[in-house]
Every structure is written in C-alpha cells, then in structure tokens.
Amino acid sequence: VGPAVVNSLKSVGIRSIEDLINYYPRRYEDYSNLSLINEIKPGQVSIKGRVTSIHGRYVRRGMHITEAVITDKTGSVRMVWFNQPYRASSIKPENEYFVSGLFQLSRQKMSIMNPSLELVSDFPLNTARIIPIYPQSKTVKSTQLRKYIKAGFDSDFETLEVLPHKLQKKYKLLSLKQALFQLHFPSSKEDLDTAKYTLGFIELFELILANQ
C-alpha cells in the first residue's frame, strides 16, 4: 500500500501485519445464503448470475446512475449504483458474478441498490459469504480492510502457537492461524463459532498460565 493508506491504517492503530490480522470485526452480515432471482424478497439478498447489460448516465445536478441487469436460470433483476461511474467499465458483461445488497423499491421498480459485486472465479470478500464489519474511520472502510487483511494472510506470515497440541485435540480447537482466518473470513457460522471459542480459550489459558 502507499503512504496515504499507511497513514490511514495508523489512525486506527494498524502499523504491521500482526496489527492487521488482530484487528477483529465488531459484527457480521450474513450474505452466505444464495437465492434464485425469482425467489428474492425485499431486504438483504445474495444471488449469482451473469450480467447481461450495463450502462451509466448523468442525471440532475451532476448525479451519476449506473444500471445493470443480472440474469440466472429463473429470471433477471436490475442493479443500481449512485455516483459510481467506474462500474460501467469495470463490470464485464456475460461474466458470472456474486451480488449482495439491499433489494428494494426504487423509482417504482424493484432493484438491488448499490450492491457489492465480485467475480465467481475470485475468492469473494464482500459477497456470498458471512461478511465481517470492522470498526471504521473516515478514511478506512470495511471493504478496504477485508482486502488488506486477505493480503496479510496471503503473505504467509508466521504465528506462534500458544496451546499445546494435546489441548487443541482434546477440546477440538483450531490452530491460532486457522482461528484468525475463520474470524475474518468464516466458511460458515459453525466455523465462526469455533474460531471465537478457540480465541477465547487461548485468552483464558494465557491468563491462568500467567497467574500460576
């Protein structure tokens, strides 16, 4: 990352990969349940489909609207973004995407408003999974933090295991690195619960050990 991002991360106490990995989410939003387009109802939704059309235009007072249509085997639905003109050039028609966002009434049409969108071929960070929401600042957003934290895990950083292997096995705990990864990018609610349990166990173990 560049100097501006470094300063932004420092503003929330992140100065190293270790700080980044240990910057825990404050809550989660569950986008892990994919729906068919003909099944979606008003509210938060996640779907998978192919973008069949996309275009952008400026409307009153310089506001930019990007509209796209995504289609699966059951139907199509409109997606709308406000003041994100880059969407029209960054989204590739006919590619398959995961889409997560709020399905609601807009201009007398039901649309998915300002959705997150990621290629199915990529590791999804913002769609089609349990999404971590982090403490933010004016210059550091959750979408950025997810990207940086994933890069931190991809850098093959080393963790020092705290628990003896026999305790991990006895209490069905994850390794420290596995627990941290599942805390940030849980594969399921069960894996997230196991990660929280493992990290809580480690914290209590360290306190008891220090006391003794």
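This note goes through the fold, the strand pairing, the salt bridges and one surface patch.

1. Basis. The model is predicted, so to read it: local features need pLDDT of at least 70, side-chain atom pairs count only at pLDDT 80 or more, and totals for chains, interfaces and linings use all residues. Residues are numbered from 1 along each chain as its sequence is written, and side-chain values use heavy atoms, with hydrogens and water left out.

2. Overall make-up. The protein chain has seven helices and seven strands. Both are DSSP runs numbered from the N terminus: helices are H or I with at least four residues, strands are E with at least two. The order from the N terminus is α-α-β-β-β-β-α-β-β-β-α-α-α-α. The C-alpha trace spans about 65 × 40 × 25 Å along its principal axes. Of the 212 residues, 40% are buried. Buried means under 20% relative accessible area, exposed means over 50%, and partly exposed lies in between (1.4 Å probe, protein chains only).

3. Two strands count as paired if DSSP finds at least two bridges between them.

4. Pairing of E2, E5 and E6. Strand E2 (residues 43-58) runs antiparallel to strand E5 (residues 96-106), over eight bridges. Here Gly43 faces Phe103 of E5. E5 also pairs antiparallel with strand E6 (residues 109-119), over nine bridges. Leu102 is opposite Met113 in E6. E5 and E6 make a hairpin with two residues between them. Arg107, in the turn, has a positive phi of about 55 degrees.

5. Pairing of E3 and E4. Strand E3 (residues 64-72) and strand E4 (residues 75-82) are antiparallel, joined by eight bridges. Ala68 has Met79 of E4 as its bridge partner.

6. Salt bridges around Glu67. The whole structure holds five salt bridges. The criterion is a side-chain nitrogen of Lys or Arg within 4 Å of a carboxyl oxygen of Asp or Glu. One of them joins Glu67 and Arg57 at 3.2 Å, N to O. Glu67 is in strand E3 and Arg57 in strand E2, so this pair ties together parts that are 10 residues apart in sequence. Glu67 counts as buried at 13% relative accessibility. Arg57 is partly exposed, at 32%. A salt bridge of 2.5 Å, N to O, links Glu67 to Arg78. Arg78 lies in strand E4, so that pair ties together parts 11 residues apart in sequence. Arg78 is buried, as is Glu67.

7. Lys150 and Asp154 form a salt bridge, with the closest N and O atoms 3.0 Å apart. The two are four residues apart in helix H4 (residues 142-154), so about one helical turn separates them. Lys150 is buried at 15% relative accessible area. Asp154 is partly exposed at 49%.

8. Surface patch. Leu204, Leu207 and Ile208 form a nonpolar surface patch, with about 300 Å² of accessible area together. Areas come from the Shrake-Rupley method with a 1.4 Å probe; for residues, only the protein chains shown count as cover. Patch residues have over 30% relative accessible area and no salt bridge; like charges are joined within 9 Å, nonpolar side chains (Val, Leu, Ile, Met, Phe, Trp, Tyr) within 5 Å. Leu207 sits in helix H7 (residues 189-211). Leu207 counts as exposed, at 56% relative accessibility.
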